[in-house]
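Thank you all for coming; I would like to take a few minutes to walk through one model with you. Please have a look at it first.

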Amino acid sequence: VKAHYNWSMYQALLNATKSSLKAMKLRLSSNYREGKQPPPAFFEVDLQLNGDEVVLNPSVTDIQAAINGGAVAVLKCSKMIEAWDTVTIPKNVQLILDANLPPVQGTGSQGTFYDRIAQDREILK
């Protein structure tokens, strides 16, 4: 039963992560259909003419860093959620079952879901 819920939780987190990254990508893209109102600006950029050159404020590097930071934040959401293994019962579930029992710990810990989601082929592309 735990393996089923572990897999279901992984699939739910993977789908949420993919959906969030896709929504971010669509929001940042300049493609929108005629007749539809374009989405509100994701960020504001000022253009300044400085002699023969055009200066962006914030710079392209700053914008890229902010976008990358947002993507990393989406991925790290799953870092706080530990994967269930077949031996260990998570503490919060154990407290619901019976708070007076000592914690059951196993040796088959699988780490967090982040470890698996960050390595997923669909997330990496």
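This is a predicted model: local features need pLDDT of at least 70, side-chain atom pairs count only at pLDDT 80 or more; totals for chains, interfaces and linings use all residues.

Residues are numbered from 1 along each chain as its sequence is written, and side-chain values use heavy atoms, with hydrogens and water left out.

A search of the whole structure finds 1 aromatic pair, where pairing asks that ring centres of Phe, Tyr or Trp (its six-membered ring) lie within 6.5 Å. The rings are those of Trp7 and Tyr10, whose centres are 5.5 Å apart and whose planes stand at 40°, so the pair is tilted (under 30 degrees would be stacked, over 60 edge-to-face, and the rest is tilted).

How exposed or buried is Tyr10? Tyr10 is buried, at a relative accessible area of 7%, whereas Trp7 is partly exposed at 49% (buried is under 20%, exposed over 50%, partly exposed in between, with a 1.4 Å probe and protein chains only).

Both residues belong to helix H1, residues 2-28, and sit 3 residues apart, about one turn of the helix; helices here are DSSP runs of H or I with at least four residues, numbered from the N terminus.

Finally, Thr17, Ser20, Leu21, Met24 and Leu28 in H1 meet Ile67, Gly70, Ala71, Val74 and Leu75 in H2, contact being heavy atoms within 4.5 Å.

Key: Helices (H or I, at least four residues) and strands (E, at least two) are DSSP runs, numbered from the N terminus.
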